[in-house]
Amino acid sequence: MTLEEEISNRRTFAIISHPDAGKTTLTEKLLLFGGAIQLAGEVKARGERRRARSDWMKVEQERGISVASSVMTYSWQDSTFNLLDTPGHEDFSEDTYRVLTAVDSAVMVLDAAKGIEAQTYKLFEVCRLRDMPVVTFINKMDREALDAFDLLDEIEQKLALDVTPATWPIGMGRDFKGCYDLINDRLILMQAADKNIRSEGIALEGLDDPRLSEYLPQDRVDSLREQVEMVRGLCKPFDRQAYLEGHLTPVFFGSAFNSFGVRDLLSGLRDFAPSPGAQAAVERQVDSKEPKLSGFVFKIQANMDPKHRDRMAFVRLVSGRFKRGMKLKHVRTGKTLSVHNAQLFLAQDRELAEAAVAGDIIGIPNHGGYKIGDTLTEGEEIRFTGIPSFAPELMQRVRPVDPMRAKHLARALEQLAEEGAASVFKPYLGADWIVGVVGSLQFDVLADRIRTEFNIPVRFEPTELYTARWVEASDPKVLKQFMDANRTALAEDHTGQPVYLARNHWHLNKGQDDWPDLKFLKTKQEV
Ligand code: G4P
């Protein structure tokens, strides 16, 4: 296959959802259809363990598992799907945001009884910032659900997004019979007896096909015809361009638990979802089909083997083809390295990456050389943009129990900041470090990691601080004046960039009002 063909067959996506909507179940069924796993229950068992707060540390120590499930590659009907996992707990939403920078589209899973929930909304907003195409899967139709029209209306209203149903449900709850495929005019009936069955559907000549009555009672046939007529009148016809631009979402109804609707979702992803496209870099746009390889680090996973302090840098390939042993330039440091030990991720296993193309994710084991946002190329000086750091919402002071280990702690914190596990600030005055996170569970994980990986017992202590803002100025003189006048409220992050630590909302506003020529940034782009 040519490079172009291989790239066109790639679908790199993530699933966004509120906890409990069915992301884990759907993931498992997608893998089952792709032939990547044989048994139901495997991904699920992991998802459950990951969700349980009390089990978090244990799971963290079993990093092998969470790494294997970070990226799941499977094939279906000549297409290769790279499904990137997003952490389920909202305290790790920052990781989720970064994962979303490495995918070309998303699947939004809704619980049919609940519609759009808080976390769905938040994650959708991130997709919107990137104009990312989103396919919707309305799950749990085998339970009591909201009315299908109301669900569509809710998506449209709450997300300001056009909707086009791709399938239409026939009944719900105990009465759920299946769906009518509006795009291909097929009837797809659910066979609840076997949860792992891959129903193909029954091909019909449209809704007027008399055979419809062979499969459904007449009252169902009548109401299906009526509803389909209504929905076709109310919703815009499917417009792939609008979907690709992020203005319209095709909606599939199903029941992941019963493997129902999963096949249709997969074929929808194959038919409509974008293959890897162009990516913006500071210098230029990079097209996926350019022959030379480029890619960026969007995630760093540490401590896969607790005995060795190893880290895996996850690289999204933006263009070209990767071959084992090839020489790649690490643009930030200017170093060239031969990559022999990159990994590919299958459903449960990792394997040595012999070859990969744009859209794929490879994992490069390293001992601290990479940061989130780093670019790799075959020599060209380009830096990809758009990988954000977020201003922390919770900040604590961290001290080593043994004051003699302050230097070691500094190094540990720097590594954790490079991985994106936390923001780390060194105030200009005082000896302590401030650690900022988005969700409080991150503090627990950090304390545990500093103790186990770096062997430094630490104490986290609350601070009076409210939030942090990266400070930028076009005029270095103004920045200097500001810094001289505000030394007590300033720190630098792990890259040396100045950061304003605000005690409260008022303090933050005052800083901004008093220094109108400065930018107080809530997010920082890693370039
Ligand atoms: P998450 O990853 O989004 O958090 O959700 P997950 O897949 O773990 O599903 C959450 C719960 O919803 C699970 O029930 C799961 O079995 C159930 N579920 C998922 N899809 C469907 C569906 O199509 N229909 C129905 N009726 N339920 C579904 P649980 O009680 O937490 O676990 P379990 O006891 O079923 O294993």
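Mentor: Let us begin with pairing: two strands pair if DSSP finds at least two bridges between them. Please keep in mind that this is a predicted model.

Trainee: How do you know that E25 and E27 pair?

Mentor: Strand E25 (residues 394–400) and strand E27 (residues 433–437) are joined over five bridges, in the antiparallel sense.

Trainee: What makes E28 a partner of E25?

Mentor: The same cut-off of at least two bridges applies. Five bridges join E25 to strand E28 (residues 458–462), and the two run antiparallel. Within E28, Val 458 stands opposite Pro 400.

Trainee: Which strands form the open sheet with mixed pairing, and in what order?

Mentor: Seven strands form it, in the order E2-E3-E1-E4-E5-E11-E6.

Trainee: Why are E2 and E6 said to stand at the edges?

Mentor: Strand E2 (71–76) and strand E6 (162–165) each have a single partner strand, so one side of each has no neighbour in the sheet. From one strand to the next, the twist averages 30°. As a parallel pair, strand E1 (residues 10–17) and strand E4 (residues 105–111) share five bridges, and Ala 14 has Ala 106 in E4 as its bridge partner.

Trainee: What makes H8 a helix that packs on the sheet?

Mentor: Helix H8 (residues 148–159) touches strand E5 (134–139), E6 and strand E11 (248–253). The direction of H8 makes about 150° with that of E6. Helix H12 (residues 262–272) lies across E1, E2, strand E3 (79–84), E5 and E11, and runs at about 155° to E11.

Trainee: Why is Asp 78 called exposed?

Mentor: Asp 78 has 9 other C-beta atoms within 10 Å. Asp 78 is found in the loop between E2 and E3, and has a positive phi of about 70° although it is not a glycine.

Trainee: How do you know that Asn 455 is exposed?

Mentor: Asn 455 has 11 other C-beta atoms within 10 Å, and the limit is 12 or fewer; Asn 455 therefore counts as exposed. This residue is found in the loop between helix H14 (441–454) and E28. Asn 455, although not a glycine, has a positive phi of about 60°.

Trainee: Why does Ser 79 count as partly exposed?

Mentor: Ser 79 has 19 C-beta neighbours inside 10 Å. A buried residue needs 20 or more and an exposed one 12 or fewer, so Ser 79, with 19, falls in between. Ser 79 is placed in strand E3.

Trainee: With which residues is Ser 79 in contact, leaving aside neighbours within four places in sequence?

Mentor: They are Asn 9, Arg 11 and Arg 270. Ser 79 and Arg 270 are 191 residues apart along the chain, and their C-alpha atoms are separated by 6.9 Å.

Trainee: What surrounds the ligand?

Mentor: There are 18 residues around the ligand, and the closest are Lys 23, Thr 24, Thr 25, Ser 255 and Phe 257. By class, this shell has four nonpolar, nine polar and five charged residues. Helix H2 (residues 23–33) gives the most to the shell, with three residues.

Terms used:
Residues numbered from 1 in each chain as written. Predicted model: local features only at pLDDT ≥ 70, side-chain atom pairs only at ≥ 80, totals over all residues. Near = placed C-beta within 6 Å. Helix = DSSP H or I, 4+ residues; strand = E, 2+ residues; numbered from the N terminus. Nonpolar A, V, L, I, M, F, W, Y, C, P; charged D, E, K, R; others polar. Axes fitted to C-alpha atoms, helices over the stretch in contact; angles between N-to-C directions. Contact = placed C-beta atoms within 7 Å.
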